[in-house]
Number of protein chains: 2
Amino acid sequence: VRLPDEVTTPATVVDVDRLEANLAAMARRTADAGLALRPHAKTHKCPPIALRQLALGAAGVAVATVAEAEAMAGAGVDDIFIAYPVLATGTRTRRLAALAERVRLTVGVDSPAGAAQLARAVGGMPLTVLIEVDCGHHRTGVGAEQAAEVARAARRAGLSVAGVFTFPGHGYRPGAIEAAALDEDRALDRAAAGLEGAGLEARVRSGGSTPTVARTVSRAATEVRPGVYAMNDAQQLVLGTCTETDVALVVVASVVSVPAPDRVVLDAGSKVLGADRPDWVPGFGVVAGVPGAVVGQLSEHHAVVTWPPDGPPRPAVGDRLAVIPNHVCSAVNLVDELVVVSRGIEVDRWPVAARGANH
Amino acid sequence: VRLPDEVTTPATVVDVDRLEANLAAMARRTADAGLALRPHAKTHKCPPIALRQLALGAAGVAVATVAEAEAMAGAGVDDIFIAYPVLATGTRTRRLAALAERVRLTVGVDSPAGAAQLARAVGGMPLTVLIEVDCGHHRTGVGAEQAAEVARAARRAGLSVAGVFTFPGHGYRPGAIEAAALDEDRALDRAAAGLEGAGLEARVRSGGSTPTVARTVSRAATEVRPGVYAMNDAQQLVLGTCTETDVALVVVASVVSVPAPDRVVLDAGSKVLGADRPDWVPGFGVVAGVPGAVVGQLSEHHAVVTWPPDGPPRPAVGDRLAVIPNHVCSAVNLVDELVVVSRGIEVDRWPVAARGANH
């Protein structure tokens, strides 16, 4: 990513050529594998990116919240899966019903109580649901053996069960990707067999994440929901699912202080990079194009970069660098707009339409 | 904090009675110590809170960015210190000059290059600056011995040097607070002596942070800039600078899944709690009122709480809990408004006017 000169730092910048290459590569890869692609829009939260994903053949988008679904529906996306055990309470009750009338909506369910509340919210409409299965990440989702029980409860409540979904998030760790992909395969297989054994449909078997989709081709899944692949980030670099030339989003930051020979301080802190920091990444972000230049200390408005002694000349106050955030989904959610560049020239600004859309 | 019934989760809720008690206690404490109080507004980013701090006797506010200063100036705050080595580039050039005409503005400086650029930006106006000194946190700021050199460069550039400032951020660790407060004292003393030895004024010696101000009374400082004390958070609980009844901000979340006996999953993830997680806190946040109920795993929209076996009965899908974020400054920056409650009743909504104000 080259840096546009006019932009006031810190600025969150998308290289539209790299973005396009990433979107096209995943569209090809999933088409070749015979898998439906349903990109997770929580990563970019941006209608122009979602619409481009659809133009390249995506079946629809996945989102995590009703508010994200509303933002995508408002931009013209007409097939949306809320990949989350949505709790139909508060304003969500009427908002879910309105969404279900407006787009082809699918919602996640992982408990009889959640299913009953969803059914009440849509008041008799045959809302389509997928049963969430835990394949090893251990957050939401029931065990594959319990999927049929939840599915039966959902059907009794009046919902239309179309299959199962899972998220192999335990693949987010070096060396863990292949095993997580196998776990996903097994869980989708078993859960789908459970549903079919109970006389229920399991035509949708939705899985996938950027790391697992990049490395393996699932046998059991019918569709995948990667999100991060659109732009990539420092986590994906460590996981080996992309190289630096595949990173389409950076935070352009200025050097504000060089108070010691090995310390370069940038005006990009946790409020623009995000504070995600799993124990298997080297720091709070990395400087693009400077191997070994890692954000070792992060405050809200300071990124302290340890400058590699064998690296390029140390930058001076006023110089600008591009920082690759650890987790692109968090970084996007911190800004109102993305500065879109092509070959270092600003060509557009995209509003982050679903920023803060948590409810 | 009691939970209002009508609010759709996740919601970021401020208990205005606890807030008022925190603001009043700090105003009293600093007044008793003869210290000027300049609360850091990066914590709350909310004009109503800033104006209340001023009404209780604060000398002005501190902020971290020009954009935060603009938000506070727009709300009527007329004495603002940007406690950061501001780089006067891009749109900041004209914006700094406009601010300096509008309010009593002070800006941080830690390099001759930064000072020169600031002086150019304000075009001959005698902008007031404080020299930033590193007292041990090792991000921005020069050593106490170099303060006079930067101050001379600032004066030569045409800026008006009023003194020195530091941030004892290395006190953010259990057992480190008292030593950091002593470091701050020494650094402010030495740097001020350096300025005075060079024939420069050092009438302002600004320090402080919530942990150090709560535990010690600085000898050297003339003013302090705590921010977090207004609302407190899980970090302050661990540091022992507050108790749970002093926590004035929580994220009200709903249980969306109880997939295993010891696992309760809430709809409050890193996109509303923030992902800050220093190694000395027990998790990614704690459940208010339930000792031992810690957010052990955090995704963007899932907080996985390990429920204590000896705790109260495990909540069910649909129940609501209040989560205390690790770092209140990050949590506030993720939402557009705070739901203001008094005795569990919603009494107001406050826009987070300076949300995302990084530039």
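What percentage of the 359 residues in chain A is buried? The figure is 64%. Keep in mind throughout that this is a predicted model.

Let me stay with chain A for a moment. The secondary structure of chain A consists of eleven helices and 17 strands. Its radius of gyration is 21 Å, close to the 21 Å from the globule rule for 359 residues, so chain A is as compact as a globular protein of that length. Along the principal axes, the C-alpha atoms of chain A fill a box of roughly 70 × 40 × 35 Å.

Next, contacts and surface. Take the contacts in chain A with a separation of 6 or more: 67% of them are between residues 24 or more positions apart. The accessible surface of chain A is about 12,200 Å², and carbon and sulfur atoms contribute 50% of that. As for charge, chain A carries 34 positive and 38 negative side chains. The centres of those two sets are 4 Å apart.

Now to the aromatic side chains. How many aromatic pairs turn up over all chains? A search of the whole structure gives two. One of them is A:Phe81 with A:Phe165, an edge-to-face arrangement with 4.9 Å centre to centre and 90 degrees between the planes. A:Phe81 sits in strand β4, residues 79-85, and A:Phe165 in strand β7, residues 160-165, so to speak of sequence, the partners are 84 residues apart and the pair links distant parts of the chain. Both A:Phe81 and A:Phe165 are buried.

In chain B, B:Phe81 and B:Phe165 also form an edge-to-face pair, at 5.0 Å centre to centre and 90 degrees between the planes. B:Phe81 belongs to strand β4 of chain B and B:Phe165 to strand β7 of chain B, so this pair ties together parts that are 84 residues apart in sequence. B:Phe81 has a relative accessible area of 1%, which makes it buried. B:Phe165 is buried as well, with a relative accessible area of 1%.

Last, one glycine. Where is B:Gly208 found? It is in the loop of chain B between β8, residues 204-207, and α8, residues 210-215. Is B:Gly208 buried or exposed? B:Gly208 counts as buried, since its relative accessibility is 2% and the cut-off for buried is under 20%. Setting aside neighbours within four places in sequence, B:Gly208 is in contact with several residues, among them B:Thr166, B:Phe167 and B:Pro168, and also B:Glu184 and B:Arg225. B:Leu237, 29 residues away from B:Gly208 in sequence, is 18 Å from it in space, C-alpha to C-alpha.

Key:
Residues numbered from 1 in each chain as written. Chains lettered and ligands numbered in written order. Predicted model: local features only at pLDDT ≥ 70, side-chain atom pairs only at ≥ 80, totals over all residues. Heavy atoms only, no water. Helix = DSSP H or I, 4+ residues; strand = E, 2+ residues; numbered from the N terminus. Rg over C-alpha atoms; globule rule 2.2 N^0.38 Å. Buried < 20%, exposed > 50% of the residue type's maximum accessible area, 1.4 Å probe, protein only. Contact = heavy atoms within 4.5 Å. Areas by Shrake-Rupley, 256 points an atom, 1.4 Å probe, with all protein chains shown as cover. Lys, Arg positive; Asp, Glu negative; His and termini not counted. Charge placed at Lys NZ, Arg CZ, Asp CG, Glu CD. Phe/Tyr/Trp six-rings, centres within 6.5 Å; stacked < 30°, edge-to-face > 60°.
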